[in-house]
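User: I'm new to this one. Can you show me the structure and then take some quick questions?

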Amino acid sequence: MPRVEVELHIAAPPDRSWATVVDVESYPACMENVRSLTVVEQNGPRERTTAWSVHLKGSVLEWTEAERIDEEARRFDFHQVSGDLAHFVGHWAIHPADDGGSLVSLHVEFDIGIPLLSEMLNPVAATALRENAEQMLTALERRLTGSV
């Protein structure tokens with residue numbers, strides 16, 4: 001199954017980076033590729049369900065995911081409960097950097113769900129998802145550091 005892993009050093013303390021990453025409802029305001037993002041259900045401070053709509057290489061990818069938030073580890077795991085892909089799971093994580101900044105990472109594993117075309121389409125989808133993840137991390141960096 002294809003995987004996409006993207007990491008970016010951000011010159012912001014881990015606690016600030018974590019607060020920004022976990023604030024998914026603010027993503028559409030700072031990320032051009034996120035069309036909409038809504039918290040559909042909040043089950044206490046550690047679990048929620050969100051609905052996403054994202055521009056991806058000229059198309060729109062939509063899904064609903066269940067998220068499990070671990071404040072102490074600064075990580076939240078997600079998995080698609082419904083949507084455009086057959087399989088979509090991953091996690092966001094924040095780790096302290098040696099310079100006081102943060103290493104922000106997004107890891108995704110997916111399957112497009114078309115077995116006969118997967119050999120051809122999975123690499124294209126992986127490239128598109130990687131570019132999307134990089135855009136998201138760069139947008140978070142701009143938001144945290146105030147850079148343009």
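User: Is Arg35 buried, partly exposed or exposed?
Analyst: Arg35 is partly exposed, with a relative accessible area of 43%. Buried means under 20% relative accessible area, exposed over 50%, and partly exposed in between, using a 1.4 Å probe and protein chains only. One caution: this is a predicted model, where local features need pLDDT of at least 70, side-chain atom pairs count only at pLDDT 80 or more, and totals for chains, interfaces and linings use all residues. Residues are numbered from 1 along each chain as its sequence is written, and side-chain values use heavy atoms, with hydrogens and water left out.

User: Which side chain does Arg35 meet in a salt bridge?
Analyst: Glu62, at 3.7 Å from N to O. A salt bridge here is a side-chain nitrogen of Lys or Arg within 4 Å of a carboxyl oxygen of Asp or Glu.

User: Where do Glu62 and Arg35 lie?
Analyst: Glu62 is in strand β4 and Arg35 in strand β2 (residues 34–43), so the pair ties together parts 27 residues apart in sequence. Helices (H or I, at least four residues) and strands (E, at least two) are DSSP runs, numbered from the N terminus. Glu62 is also partly exposed, at 39% relative accessible area.

User: How many salt bridges are there?
Analyst: The count comes to nine. One of them joins Arg74 and Asp15, with the closest N and O atoms 2.9 Å apart.

User: Why does the pair of Arg74 and Asp15 tie together parts apart in sequence?
Analyst: Arg74 sits in the loop between β4 (59–70) and β5 (75–83), and Asp15 in helix α1 (residues 14–22), so the parts they tie together are 59 residues apart in sequence. Asp15 counts as exposed, at 54% relative accessibility.

User: What does Lys57 form a salt bridge with?
Analyst: Glu131, and the closest N and O atoms are 2.9 Å apart. Glu131 belongs to helix α3 (residues 118–145) and Lys57 to the loop between β3 (47–56) and β4, so this pair ties together parts 74 residues apart in sequence. Glu131 is partly exposed at 31% relative accessible area, while Lys57 counts as exposed at 59% relative accessibility.

User: Which residues are linked in a network of salt bridges?
Analyst: Arg3, Glu5 and Glu109.

User: New topic, the strands. How many bridges join β2 to β3?
Analyst: Eight, and the two strands run antiparallel. Strands pair if DSSP finds at least two bridges between them. Val34 stands opposite Val54 in β3.

User: What do β2 and β3 form?
Analyst: A hairpin, with three residues between the strands. Gly44 in the turn has a positive phi of about 80 degrees.

User: Now pockets. How much space lies in the largest pocket?
Analyst: About 290 Å³. A pocket is an open set of points on a 1 Å grid over the protein atoms alone, where a 1.4 Å probe fits, with protein on both sides within 12 Å along at least five of seven lines. The volume is the space filled by probe spheres set on the points.

User: How many residues line the largest pocket?
Analyst: There are 13, and Leu56, Leu61, Leu85, Ile112 and Ala125 lie nearest its centre. Lining residues have an atom within 4 Å of a point. Helix α3 gives the most to this lining, with five residues.

User: Last one: what does Cys30 touch?
Analyst: Ala139, Arg142 and Arg143, not counting residues up to four places away in sequence. Contact means heavy atoms within 4.5 Å. Cys30 lies in helix α2 (residues 27–30). Cys30 and Arg143 are 113 residues apart in sequence and 7.1 Å apart in space, C-alpha to C-alpha.
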